[in-house]
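Please keep the sequence and the model in view while reading.

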Amino acid sequence: MRVEMINFSDLDVAPLANTLGRTLETIYRPATGRVIPSETQVTSVLPEEGVGVEALPGLWQEIVERSTRLAEPTMLGHMDTAPHPVAALTDCIVSALNNNLLFRELSPFASQIEEGLIGAFAQRLGLPVTSTGTFCSGGSIANLTALFVACGGFENIEGRDRVRLHVSECHHASVMKAAAVLGIPKAHIVVTPGDDTGRCQPAVLEEQLSRHAGLHNIVAVVAGSTIHGAIDPLAEIGVICRRHGAWFHVDAIYGGALCLSGRHRHQLEGIDVADSVVIGPQKWMYVPRVCAVVLFQAGAEHDARFGVSLPYSVTGAAHRGQWGLQGSRRADALTLWTLLQVVGTRALGEQIDSAMALTEAFHGRLVDRTTTEPAHRPELNLQCFSLNGVTSEDEITDRHRRMTADAPGWFSLSRWRDRLYFRAVLLPPATTLAQLDELLTTLCDS
């Protein structure tokens, strides 16, 4: 049957919403079998004729069945969370409204919420009241935005050859991508050698900054590295940056969530003097991707370096699109705000504390077993480990391949200093130590 174009108002949304609700229930209900599906051929991509809304339940179910199950408590390989059901449901409303953060008249409520959350996160991190910032579509754009402003923003582009970017060894790949986009040559990037997990060594950083005195130095460090969850010594680095007049940037896309923790907030000590900070609610605050926030300590300097005019909407309003590398943006702040209203920061902080306690217990299990060896003591909820007696890369990757195909759970495989490790990221709230023990047994016996 040929499908004709219809008006939005002609579509009966309520029964579809009920079906969608039942489909969502299957996503959050514990499943049996594989958490990562096998890839099969997609039969239809650009059909000439549509099949009608009657096909939606089947299409939605196909999406669920052929997608990775991040909500499973045994899906433990990456810093990617299943959003809280409240956030997922709210995101449907946000998508339907489709408000654009480019102009205030297109997003009056979302603009107000975004500004409020930026101020609240700055306060949680101890940044001054002069701080400002913007939401971004993910951590890579957030780091690019911060480093763009650190380089001078839209001003003084001709002086970029004086920039020297100092990064800790455990830096995220997005920092190097940002440097390439900004035209910072590899010869002007200085990697500071780290300890066993890549944490920056302050004495080495100080020596490097001394060698590059008189140049435009930017120091980019990490609070929550992707492999070990390492946190650079922020307080010491901040003092060094101030002494040398260097821009101090903290990539806290993952570890920034500690600002909600009651027990572990002290691990961010020193972040309050950073010139720029990026955090990623899409990670440990259980909202859908892509949602990140970049914060700048000096609001006036940020505006001078980063402000652009929007002549196609001269209303006198403070458009959020005046700042940021992106133009149109969806109202991700509304989804985060709604979840915070429903759950509260205390519950989120307690979940973070619980995940870190579970990771510490998991570390103990790895130590106690004769078949496993932890690669480090966890700082957050990430733990890398190896299997005793399993040393060849072929055997390691083969075991990981079998786990991906057969086990009802999953660890990722990461490379650090030319060695492969299994990596666990304990993000799902329902994960138990018993499940971790079972997965370890399966992995060791495979």
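This is a predicted model: local features need pLDDT of at least 70, side-chain atom pairs count only at pLDDT 80 or more; totals for chains, interfaces and linings use all residues.

Q: How many Å apart are the end C-alpha atoms of helix 4?
A: Helix 4 has 17 residues, and at 1.5 Å a residue they should span 24 Å. The distance in the model agrees with this expectation. The end C-alpha atoms are apart by 25 Å.

Q: What arc do the buried residues of helix 4 cover around the axis?
A: The buried residues of helix 4 are Ala110, Ser111, Ile113, Glu114, Leu117, Ile118, Phe121 and Ala122. They lie on the same side of helix 4, because the arc they cover around the axis is only 165°.

Q: Which residues are exposed on the other side of helix 4?
A: The buried residues of helix 4 pack against strand 1 (132–136), strand 6 (276–279), strand 7 (292–296) and helix 11 (332–343). The other side of the helix has exposed residues. These are Gln112 and Gln123.

Q: What span in Å is expected for helix 3 at 1.5 Å a residue?
A: Helix 3 runs over residues 85–97, which gives it 13 residues. From its first C-alpha to its last it reaches 19 Å. This is close to the expected value of 18 Å.

Q: Which residues of helix 3 are exposed, on the side other than that of the buried ones?
A: Ala87, Ala88, Thr90, Asp91 and Val94 are buried in helix 3. Their arc around the axis is only 165°, so they are on the same side of the helix. Helix 1 and helix 11 are among the elements that cover these buried residues. On the other side, the exposed residues include Ile93 and Ala96.

Q: Is Asn217 buried or exposed?
A: Asn217 lies in strand 4, residues 216–222. Leaving aside residues up to four places away in sequence, Asn217 touches Arg164, His166, Leu209, His212, Ala246 and Trp247. Its relative accessibility is 4%, and therefore Asn217 counts as buried.

Q: What accessible area do Leu11, Val13 and Val53 have together?
A: Val13 belongs to helix 1, which covers residues 13–28. With Leu11 and Val53, Val13 forms a nonpolar patch on the surface. The accessible area of the three together is about 210 Å².

Note on methods
Residues are numbered from 1 along each chain as its sequence is written. Side-chain values use heavy atoms; hydrogens and water are left out. Patches are made of residues with over 30% relative accessible area and no salt bridge: like charges are joined within 9 Å, nonpolar side chains (Val, Leu, Ile, Met, Phe, Trp, Tyr) within 5 Å. Accessible areas come from the Shrake-Rupley method with a 1.4 Å probe; for residues, only the protein chains shown count as cover. A salt bridge is a side-chain nitrogen of Lys or Arg within 4 Å of a carboxyl oxygen of Asp or Glu. Helices (H or I, at least four residues) and strands (E, at least two) are DSSP runs, numbered from the N terminus. The expected span of a helix is 1.5 Å times one less than its number of residues. Buried means under 20% relative accessible area, exposed over 50%, partly exposed in between (1.4 Å probe, protein chains only). The arc is that of the directions from the helix axis to the C-beta atoms. Contact means heavy atoms within 4.5 Å.
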